[in-house]
Amino acid sequence: MMKQEKQQGWSGRLLISIVIVACVIAILVAVGITVLNSQWFLHFTESRLTETLGQQVKMGTLEVDIGRISRLRVENLWIANPSWAADPYLASVDLLEVGIDLMKLLEGDLLITDLQATAPVVHLERSGEGTANWAQ
């Protein structure tokens with residue numbers, strides 16, 4: 001009788017532990033999705049892209065939907081041109097949607113499953129000295 005009570009106590013604690021771990025994971029996922037869709041993440045992404053490209057990058061909105069194929073949706077994206085360029089923007093797009101295979105990304109490979117752009121505009125030009133605006 002005592003052995004059966006110990007087994008039930010052990011299995012009950014295991015079940016409670018599994019439920020607690022599942023709840024913690026659910027909370028972390030919810031917090032992660034909230035952070036990815038926040039103004040903070042939008043500004044963080046803009047500053048990282050600006051730093052990487054060497055030209056100012058601005059986005060109206062940034063939404064991330066996590067799934068096996070995760071979706072990135074950016075509205076009113078633009079990349080500034082150098083000051084010498086005739087047009088203020090090197091590139092702009094009203095809406096950019098990108099599908100990314102999350103499993104491949106976790107393996108270290110970036111696989112873009114689809115890419116859709118609404119009203120993309122790119123202004124390529126060279127300065128009087130021959131400098132290209134896309135090669136900064």
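This is a predicted model: local features need pLDDT of at least 70, side-chain atom pairs count only at pLDDT 80 or more; totals for chains, interfaces and linings use all residues.
Start with the overall layout. The chain runs to 136 residues, and 24% of them are buried. It carries 3 helices and 6 strands, and reading along the sequence gives the order α-α-β-β-β-β-α-β-β. Among contacts with a separation of 6 or more, 41% join residues 24 or more positions apart. The chain exposes about 9600 Å², with carbon and sulfur atoms supplying 64% of that area.

Next comes the core. The largest nonpolar core holds 15 residues, and Met-59, Leu-62, Val-74, Leu-77, Ile-79 and Leu-96 have the most contacts inside it. At least two residues of this core come from each of helix H2 (39–53), strand E2 (61–65), E3 and strand E4 (89–101). E4 gives the largest share, 6 residues. Val-74 shows how some of these pieces meet: beyond four places in sequence, it touches Met-59, Thr-61, Leu-62, Asp-94, Leu-95 and Leu-96.

Two further residues of strand E3 (residues 69–80) are worth a look, Asn-76 and Ser-70. Ser-70 has a relative accessibility of 8%, so it counts as buried, the limit being under 20%. Its side chain reaches back to the backbone oxygen of Gly-67, at 2.9 Å. Setting aside neighbours within four places in sequence, Ser-70 is in contact with Asp-65, Val-98, Gly-99, Ile-100 and Leu-102. Asn-76, by contrast, is partly exposed, because its relative accessibility of 44% falls between the limits of 20% and 50%. The backbone of Asn-76 also stands out, with a phi near 55°, a positive value in a residue other than glycine. Most residues other than glycine have a negative phi.

Ala-119 sits in the loop between E5 and strand E6 (121–122). With a relative accessible area of 39%, Ala-119 is partly exposed.

Another loop residue is Leu-110, found between helix H3 (102–106) and strand E5 (112–118). Its relative accessible area is 58%, which means that Leu-110 is exposed, the cut-off being over 50%. Even so, Leu-110 has partners: not counting residues up to four places away in sequence, it touches Ile-100 and Leu-105. For the pair Leu-110 and Ile-100, the C-alpha atoms are 7.2 Å apart in space, and the two residues are 10 apart in sequence.

Last up is Glu-125, in the segment after E6. Leaving out neighbours within four places in sequence, Glu-125 is in contact with a run of residues on either side of it along the chain: Asn-81, Trp-84, Ala-85, Ala-86 and Asp-87, together with Thr-131, Ala-132, Asn-133 and Trp-134.

Key. Residues are numbered from 1 along each chain as its sequence is written. Side-chain values use heavy atoms; hydrogens and water are left out. Helices (H or I, at least four residues) and strands (E, at least two) are DSSP runs, numbered from the N terminus. Buried means under 20% relative accessible area, exposed over 50%, partly exposed in between (1.4 Å probe, protein chains only). Contact means heavy atoms within 4.5 Å. Accessible areas come from the Shrake-Rupley method with a 1.4 Å probe; for residues, only the protein chains shown count as cover. A nonpolar core is a set of buried Ala, Val, Leu, Ile, Met, Phe, Trp, Tyr and Cys residues joined through side-chain atoms within 4.5 Å. A polar contact is a pair of N or O atoms within 3.5 Å; within protein, one must be able to donate a hydrogen and the other to accept it, and residues adjacent in sequence count only if both atoms are side-chain atoms.
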